[in-house]
Amino acid sequence: MSEPQSGRPPFRGAAKHPPEARGLLERMLEFLHPGPDSKTELIETLADAEQRELIEPESRQMLEGVLRMAELSAGDAMVAAPRMDLLDIDAPYDELLGLVIDTGHSRFPVYEGGRDNIIGILLAKDLLKMQRAPELNVRALLRPTVFVPESKGLNELLRDFRSNRNHLAIVIDEFGNTAGLITIEDVLEEIVGEIEDEFDDKDGESGIYTLADGSQRVAGDTTIAAVNGAFGLALPDNDFDTIGGLVAHEHGRVPRRGETVRIADLNFAVMLTRGGAVRWFKVTRAPEGESEA
């Protein structure tokens, strides 16, 4: 015969502290060790965790990227319209193929009549189909265009990219004009940092790299002395240590992605910005006779 129940809960399943006590303990711990109250404090907490070797530096950078991305919009990460590589629907096949090879992109906006009239997206691999099937035309290969406003948040845009399986969108301004384009790679770079191009040739540890087209990619935090040495210039370094600071000063503000600033005989085109600063410039020699901006 089983023993009668005592009405008390068995010891094994009993809570160590009643709910009232747990609530009091939690309040006391929160008072003694308060959690971060803002995004800035949370980022500082992550930096402290890295210093105490609780997380790796790469993990901290990615977590910060996720937090900062919530404040960014498509307009902050897009490639500006003047720097977009577009295909003309009426261009001959050889010309289209040449541009695809030279730029190395996998997707291209296609326009008809004018650059603002984007009629579709062409995948580079689809263009190759015309080699085996000459009866095809470019118009039949176009994919639908996705348009997003400049104000669209990167978090929401990333969800759209993943759910719709579209990796490129055209960014439009408040008047419906083409402001630029943005890819899923642009969004991911805000989290993980720039996705390096495997065809880049590194010139050294100075933050200056040679690109496939012969131009230079220069990090925004490269010292002015290093830029002077690489390009044979004599830019002043009394007030600014980095080329990013000098360019922002000459421009009157931090330039946005796609903007170009002329200094001496060099054009500094912004390739990537992050955290309110320029991460990378594409630097080319200004053509003779070109006036300074």
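These questions and answers walk through a predicted model.

Q: Which residues touch the most other members of the largest nonpolar core?
A: Nonpolar side chains tend to be buried together in soluble globular proteins. Here the largest nonpolar core has 18 residues. Helix 11, helix 12, strand 11, strand 12 and strand 13 each give two or more residues to this core. The members that touch the most others are Leu235, Ile243, Phe268 and Phe281.

Q: Is the pair of phenylalanine 268 and phenylalanine 281 stacked or edge-to-face?
A: Phenylalanine 268 is in strand 12 and phenylalanine 281 in strand 13. Their ring centres are 5.6 Å apart, and their planes meet at 85°. Planes over 60 degrees apart count as edge-to-face. Because 85° is over that cut-off, the pair is edge-to-face.

Q: Is tryptophan 280 buried or exposed?
A: Buried means under 20% relative accessible area. Tryptophan 280 has 3% relative accessibility, so it counts as buried.

Q: How many residues apart in sequence are the parts tied together by tyrosine 209 and tryptophan 280?
A: These two rings form an edge-to-face pair, 5.5 Å centre to centre. Tyrosine 209 lies in strand 9, and tryptophan 280 lies in strand 13. The pair therefore ties together parts whose separation in sequence is 71 residues.

Q: Which residue has its charged end over the ring of tryptophan 280?
A: The charged end sits 4.1 Å from the centre of that ring. The residue also lies over the face of tyrosine 209, at 4.6 Å from the ring centre. It is arginine 217.

Q: Do strand 6 and strand 7 run parallel or antiparallel?
A: Strands of a sheet pair through backbone hydrogen bonds, either parallel or antiparallel. Five bridges join strand 6 to strand 7. Valine 171 stands opposite glycine 180 in strand 7. The two strands run antiparallel.

Terms used
Residues are numbered from 1 along each chain as its sequence is written. This is a predicted model: local features need pLDDT of at least 70, side-chain atom pairs count only at pLDDT 80 or more; totals for chains, interfaces and linings use all residues. Side-chain values use heavy atoms; hydrogens and water are left out. A nonpolar core is a set of buried Ala, Val, Leu, Ile, Met, Phe, Trp, Tyr and Cys residues joined through side-chain atoms within 4.5 Å. Buried means under 20% relative accessible area, exposed over 50%, partly exposed in between (1.4 Å probe, protein chains only). Helices (H or I, at least four residues) and strands (E, at least two) are DSSP runs, numbered from the N terminus. Two strands pair if DSSP finds at least two bridges between them. Rings of Phe, Tyr and Trp (its six-membered ring) pair if their centres lie within 6.5 Å; planes under 30 degrees apart count as stacked, over 60 as edge-to-face and the rest as tilted. A charge sits over a ring if NZ of Lys or CZ of Arg is within 6 Å of the ring centre and within 35 degrees of the ring normal.
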